[in-house]
Amino acid sequence: MHDTTVNEHGVDDRAPIARLMRRAAFGPRPGDLDGRGLDEVCADVLGGLADDGAEMPTDEDRDVAPAIAWWLDRMVDGPAPLHDKLVLFWHSTITSSADKASGAMMIAQHNLLRRHAGGNFRALLGAVVVDAAMLIYLDAAWSRAEAPNENLARELMELFTLGRGSYTEADVKAGAKILAGFTVDWDTAEVGVDEDARNHGPVEFLGESGMFSVDRMLDVVCAHPACAPFVTDKLYRFFVGTEPTEERLAELAALFTDSGLEIAPVVAAIVTSEAILDSAAGRPLLPIEWYATYCRTVGQRVGPDDLWNLELLGQLPMYPPNVAGWQVGPRWAASGLQLVRAGRAISSDDGAEVQFDAVSSGERIDSALARCGLVEIGAATRAGLELAAARFGSFGGGDQLLLALALASPEACCS
Amino acid sequence: MPQHIDRRDFLRLAGFSGTAALAGWGGTATTAAAACSTRPGLAPLAVSTLPATTTRVLVVIEMGGGNDGFSMVPPVDGAALAALRPTTMPDPAALVDVGGGVLVHPGLSALARRGVIAVEGVGSVTPDGSHFEMMRRWWMGDAASAEHATTGMLGRLCDLLDQGAPVTGLSIGGASSPALANVSAGTLGLPDPGMLWWLMDPDDDWSQTYCDALATMAGPSAGDSSMTALVRRNLASALESGAIVRDVAAQGDGSGRIAGQPDGALAEKLALAVQVLSADIGVRVIHVPFGGDFDTHEDHAARHAWLMEEFGAAASWFADELDRRGLGDDVLVMTTSEFGRRPAENGDAGLDHGTASTMMITGPVASGRVGEPVDFARLDDEGNPAVPVSLDRYIGGVIEEWFGVPATEVVDAEPLALGIGASVAVG
């Protein structure tokens with residue numbers, strides 16, 4: 001696959017390793033960049049694709065705050081970063097909100113995504129359309145066939161599977177009928193079926209007609225020619241940050257289809273190629289990705305207090321801004337968010353205790369960069385670090401400054 | 001009493017303007033960078049030809065989710081709609097008369113002594129039920145063509161009005177709005193100003209060093225990828241603009257809150273808007289995402305009433321505050337929403353996605369109805385009416401009548417006659 005040309009400092013592979021870990025995981029952890037070859041790191045990263053069976057915990061108050069903190073902690077220092085990354089992808093794409101569904105429902109949905117994240121897409125969809133949080137969030141709970149609510153049917157096709165242009169408004173109405181009849185018990189989060197509210201007649205949906213169960217509906221959706229390219233395109237953009245070429249998309253879509261809509265092979269294909277080889281940093285980090293690196297870098301223990309910071313950064317899990325969730329793209333590099341990040345980077349109490357075991361400015365700067373997992377920086381970033389290193393020594397907060405600057409740098413928010 | 005930042009600071013910061021502050025919307029990195037570096041963009045109008053009206057301000061309140069304009073300002077000919085909505089319309093006896101033949105939702109009673117223009121029949125003439133597509137059209141301002149794909153409608157307006165101010169267009173709330181994506185004028189999407197403590201305390205060497213180092217880091221750097229270069233440029237404009245706004249918010253008692261300010265997210269944002277306008281730093285367009293959920297698929301009547309009450313209280317307080325500071329004649333407020341809601345109610349006492357809707361303009365205007373009433377007798381297969389007035393014509397009308405500049409630079413549409421110019425002394 002790749003030559004493991006590691007010199008005594010491991011320098012040759014450090015840049016692609018850092019890039020891989022920012023794209024396919026949540027950034028390099030202490031020691032990840034030291035003397036390891038790319039092949040070894042890649043195998044390690046792919047090993048983290050498997051579901052380790054972890055369950056987001058529910059506490060007796062069924063409060064989501066500790067649950068979200070649990071997930072953030074796994075991003076900072078968990079055993080299976082690629083799996084958690086994939087769960088983040090699904091939560092960012094097939095989303096629901098704790099503003100509408102209960103905490104217990106949102107935690108159950110998260111665990112559903114954990115079980116299916118790297119598995120089969122058809123199975124994932126089947127689980128999601130009967131998930132309590134999703135039924136509540138997209139107004140499908142208690143929807144009746146005679147005047148059904150269209151929200152779930154529409155977003156299922158527009159955002160989860162096919163994209164605009166591949167279905168008609170008539171399909172949305174038909175899909176809404178097929179999905180009618182589910183009920184949700186608010187206290188137990190149990191999903192039930194009200195036979196009186198279900199559709200009992202034939203419909204026409206995506207060019208097929210007759211009697212439709214929810215299963216048949218999802219089969220038809222998944223068999224639609226737009227489905228495989230749509231889903232693989234989203235996966236690609238999430239991991240790489242740019243759009244795939246037509247050829248590459250066709251390749252990945254074929255891989256997805258031929259495997260029977262298995263997610264892991266597509267992710268592995270992307271991770272072992274573009275995530276490493278595409279060296280033009282084109283993927284702004286999602287806010288929570290930057291924040292996980294920040295927590296790890298300053299050595300902060302993750303707790304419910306972090307949720308306020310995540311909200312300010314624009315990505316508090318379980319509270320999506322709208323039904324499109326959070327998509328990778330240049331909007332996360334906007335000016336206003338840079339101000340938030342720069343403010344956060346300099347405000348850490350844990351960061352205030354940082355002191356590098358180094359004397360010269362050059363060594364102190366190298367230490368700061370190593371702490372954040374930054375391998376390559378531009379001239380302007382280096383000049384900024386040198387300015388600060390010259391004005392403040394290690395004692396008196398100078399190393400905290402360097403670390404904050406490294407975290408606030410343009411390089412630290414792109415991969 | 002109006003507050004002013006130090007003129008020396010203003011001039012110093014104004015010298016930094018011209019950085020492409022593309023605030024980051026959609027597209028690929030290549031598109032974004034190309035928009036910054038190669039697109040000539042709209043040339044700002046020569047200062048000598050600018051009418052005085054270009055010093056006016058437009059506040060755009062974005063009611064995300066699809067506001068039901070038929071509930072906000074019920075149609076004059078209401079019988080057909082009432083038949084389709086047995087449970088979701090406001091009580092006709094409770095509507096409030098704001099003059100000019102305009103009766104509004106009772107939640108907006110606080111606007112009764114203000115001018116309200118109801119703009120009827122507005123929407124995308126090729127409607128689509130998707131929030132994202134419809135919001136994209138509003139932001140981009142060009143339903144048919146992809147020509148303006150990397151700039152937003154409000155962004156183009158800012159480029160046209162640009163007089164070199166560090167911030168011409170401001171979005172208040174979270175990440176920047178794609179509507180402000182532009183080429184040349186300074187724009188900013190704002191976080192909570194309290195977070196900017198580190199930005200300007202000249203007495204603290206340590207935080208001053210942080211700022212100086214960040215500013216150095218934000219200078220041009222050879223070898224950057226186009227995305228990294230974009231991020232670097234955004235950092236530069238962030239530092240310049242954040243300093244101004246931090247100063248503005250720190251005035252008065254330092255809390256950013258104004259006496260008498262109503263509760264709620266909208267009022268908070270309008271309070272910052274008031275302070276920014278008072279500081280007179282050149283902001284001309286303020287985009288305010290409402291922060292409420294207008295997507296009332298269920299329980300419409302109660303949820304919408306709550307939203308109307310918040311809107312009425314905040315908008316009327318905003319107008320009062322502007323009057324107190326002598327700015328009331330210079331600020332126009334317009335609402336927008338990605339679509340309206342369907343005439344017939346659904347089984348959940350709610351309203352699904354619609355097409356045409358009624359928008360609202362308030363400020364130094366005389367009340368009246370403009371646009372074209374919707375024909376409820378002729379509904380399409382989805383149960384929606386045809387859209388008589390394109391969204392582009394609505395914004396075009398505001399640009400021409402309020403700012404006195406050619407709307408066709410910003411949108412490709414014949415401006416709708418709104419009656420703003422007729423009611424306000426121009427000059």
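Predicted model: local features only at pLDDT ≥ 70, side-chain atom pairs only at ≥ 80, totals over all residues.
Visitor: Why are Cys295(A) and Cys211(B) called buried?

Guide: Buried means under 20% relative accessible area. Cys295(A) has 0% relative accessibility and Cys211(B) has a relative accessible area of 9%, so both count as buried.

Visitor: Let us turn to the two chains. How many residues does each chain bring to the contact?

Guide: Chain A brings 62 residues and chain B brings 58. Between them the chains bury about 4800 Å², and 64% of that is on carbon and sulfur atoms.

Visitor: What makes the meeting of Glu411(A) and Arg232(B) a salt bridge?

Guide: The rule asks for a side-chain nitrogen of Lys or Arg within 4 Å of a carboxyl oxygen of Asp or Glu. The side chains of Glu411(A) and Arg232(B) meet at 2.7 Å, N to O, so the pair qualifies as a salt bridge. Across the interface of chain B and chain A, the rule finds three salt bridges. There are also 13 residue pairs in polar contact across this interface, with both residues at pLDDT 80 or more.

Visitor: Which element of chain B gives the most to the side that touches chain A?

Guide: That is α8(B), with eleven residues. Elements of chain B that each supply at least two residues to this side include α5 (131-140), β6 (187-190) and α7 (205-217), along with α8 (226-250). The residues on this side divide into 13 charged, 22 polar and 23 nonpolar.

Visitor: Which residues does Ser409(A) touch, beyond those up to four places away in sequence?

Guide: Ser409(A) touches Met217(B), as well as Leu374(A) and Thr381(A). Ser409(A) lies in the segment after α20 (394-408) of chain A. At 1% relative accessibility, against a limit of 20%, Ser409(A) is therefore buried.

Visitor: Why does Ser348(A) count as buried?

Guide: The relative accessible area of Ser348(A) is 3%, under the 20% limit, so Ser348(A) is buried. Ser348(A) is found in the loop between α17 (335-346) and α18 (361-372) of chain A. Leaving aside neighbours within four places in sequence, Ser348(A) is in contact with Tyr294(A), Val298(A), Gln300(A) and Gln400(A).

Visitor: What is chain B made of, in helices and strands?

Guide: Chain B has eleven strands and twelve helices. Of its 427 residues, 62% count as buried. Among contacts in chain B between residues at least 6 apart in sequence, 73% join residues at least 24 apart.

Visitor: How do you know that Phe311(B) is buried?

Guide: Phe311(B) has 0% relative accessibility, and the limit is 20%, so Phe311(B) counts as buried. Phe311(B) is found in helix α10 (residues 300-324) of chain B. Its contacts, leaving aside neighbours within four places in sequence, include Ile61(B), Met63(B), Leu108(B) and Phe290(B). Phe311(B) and Leu108(B) are 203 residues apart along the chain, and 7.1 Å separates their C-alpha atoms.

Notes: Residues numbered from 1 in each chain as written. Chains lettered and ligands numbered in written order. Heavy atoms only, no water. Buried < 20%, exposed > 50% of the residue type's maximum accessible area, 1.4 Å probe, protein only. Contact = heavy atoms within 4.5 Å. Buried area = accessible area lost by both parts, 1.4 Å probe. Polar contact = N/O pair within 3.5 Å; in protein donor to acceptor, adjacent residues only side chain to side chain. Helix = DSSP H or I, 4+ residues; strand = E, 2+ residues; numbered from the N terminus. Nonpolar A, V, L, I, M, F, W, Y, C, P; charged D, E, K, R; others polar.
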